[in-house]
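Please look over this model with me.

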Amino acid sequence: MPPQHVAVIGGGLTGLSAAYRLAPKAKVTLLEASNRVGGWVGSPKQHIKFTTPSGEQVEGDVTLESGPRSIRPKGLSAASMLKLTSPAARNRFIMNNATGKLMAAPTSPLALLSPKTPAPIRELLLGVMKEPFRRNSPASADDESVHSFFLRRFGPKVAATASAFVHGIYAADPNTLSVRSAFQMLWDYERGSGSLVMGMLKGDKAGKARELEAWKECGAWGERRKNWAMYALRGGMSELTDRLAQVCQERGVEIASGTRVERITPINTSIGSIDADHVIAAVTPRHLSSIASSPLPHLIANRSTTVGVVNVVFPLPPSQVHPDGFGFLIPASDANRAGVLGVIFDSTALPGTEVPELEGKITKVTAMMGGPYWSSYKTGGSVAPIPSKEELSEIAVNYLRTVFPHLASVDPILTKANLQVDCIPTYAPGHGSRMRELHEAIQNGPWQDKLSVGGSGYGGVSVNDCVYSGEILADAVGEKTGLERWKDWN
Ligand SMILES: Cc1cc2nc3c(=O)[nH]c(=O)nc-3n(C[C@H](O)[C@H](O)[C@H](O)COP(=O)(O)OP(=O)(O)OC[C@H]3O[C@@H](n4cnc5c(N)ncnc54)[C@H](O)[C@@H]3O)c2cc1C
């Protein structure tokens, strides 16, 4: 019999998405430790007022994202709440660590051949062309790090550039991130076709067909998203979590924020005064390990990365601050003393998210910092202690002035630093096998049918992954552990 009363622990994207989908089927209580729902999603507004060089008085509320802001147009989501990004957002840049200049990242493999593509990027082509002829196998048949995979398949230049993309998604060191868990498709391409390039050319026909079906269910939005590079929410990402919480309540979900769960037991899953038949743990594995009364394996195997997120607003239109585009990522380098991982050009990456009074009059950028450059993540000669918020702001503005020297004489209207402690997990090599064992432990032990788990700590960190994880948990509550993706992992 399906559970009658489900307790969802954690009110981030995963927990909210699970509660939203469960509510019509069962009584749901959502327990969130902090006083607000949303988890890492946060879009506070701040009022700004300034005079332009031509004497115009400008004022309005600017949205400052402290967590996620951009969503890939992939998977099923609330399309009616989304808006198009401009074609400019297709332009992405990579920092050339040798020259300190931005290089346009190729938008397709063919673009690598274009004479307009900078020489260091074109050099990557050589590594890509040689890849199908490389026959070297990984040291371990189970998994390896992202760095070791790219080094083996493409050589050192491509491996160094790949670190920039790892910074952009995981804010992690590519030497410590599992390629098989974080970029499973690449691993499968090599396994299936003996080469990544050949695998990509062949494509995954079955996977594509499944995705096409999913897009059909989105109707007209499914068609329109073909032109999108990314999408965002007008008013910020918390529009999504706030609205999810509102609909949950309308559907009868009891949301208990400011309620930290201290202990859960597998016998009657009693949480404080709540008696639930089933618990959905939408918290990180580490948090789960501290509240689970009966032991579960591997919950503390992965570390998480701490990220400084600094929003900076300049009193100039974007065209006077930076090139049109999404932003830039910086490949790993011991010489990166500022510890900046990348910079997002919010105003051109996600236009239309500002109130009309400010649109086109200000430039908002976000510097992402820290992760593998800080001693909270690893020890060693080149890491630095975590800076204070004041220091973070100063480092970010100085860094932006190094990349864009014309900003030396422009004072930001606003700088807001957020320190996001242990916010993104790094799936260490072997993660998939550990998740299989966790799945088996839940399925066959005292937690059987009583507990399911999901969210960024288990299988995918993106907004899409977390929303999808909530959907899976809700659809098969009491039947699945949430870790079925890993059950055949060897
Ligand atoms: C700075 C940053 C930028 C990002 N940018 C993007 C982006 O642009 N695009 C993208 O797709 N993804 C992005 N991500 C990733 C994505 O935002 C996260 O992976 C996602 O929000 C995680 O959601 P979650 O619900 O799994 O976990 P969380 O957001 O961590 O939610 C878990 C919740 O559980 C609560 N909790 C913990 N313990 C307990 C307890 N004992 N009792 C009750 N409650 C508890 C916590 O308070 C928290 O609210 C970004 C992440 C960060 C940190």
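The points below go from basis to domains, ligand and core.

1. Basis. This is a predicted model: local features need pLDDT of at least 70, side-chain atom pairs count only at pLDDT 80 or more, and totals for chains, interfaces and linings use all residues. Residue numbers start from 1 along each chain as its sequence is written.

2. Domains. The chain is assigned domain 1 (5–40 + 237–302 + 427–486) and domain 2 (45–75 + 85–91 + 303–425). Such bounds come from an automatic or database domain assignment. Over C-alpha atoms, the two domain centres are 31 Å apart.

3. Domain contact. Domain 1 puts 12 residues in contact with 14 of domain 2. Contact here means C-beta atoms, placed from the backbone, within 7 Å. The domain 1 side of this contact has six nonpolar, six polar and no charged residues. Nonpolar covers Ala, Val, Leu, Ile, Met, Phe, Trp, Tyr, Cys and Pro; charged covers Asp, Glu, Lys and Arg; the others, Gly among them, are polar.

4. Ligand shell. The ligand is surrounded by 36 residues, with Gly10, Gly12, Gly39, Pro68 and Gly455 the closest. By class, the shell has 19 nonpolar, 14 polar and three charged residues. Domain 1 and domain 2 each supply at least three shell residues.

5. Core. The largest nonpolar core has 117 residues; Val8, Ile9, Ala19, Cys248, Ala367 and Met369 touch the most other members. Core members are buried Ala, Val, Leu, Ile, Met, Phe, Trp, Tyr and Cys residues joined through C-beta atoms within 7 Å. Buried means 20 or more other C-beta atoms within 10 Å of a residue's own, with C-beta atoms placed from the backbone. Both domain 1 and domain 2 give residues to this core, so it lies between them.

Note on methods
Contact = placed C-beta atoms within 7 Å. Near = placed C-beta within 6 Å. Buried ≥ 20, exposed ≤ 12 C-beta atoms within 10 Å, placed from the backbone.
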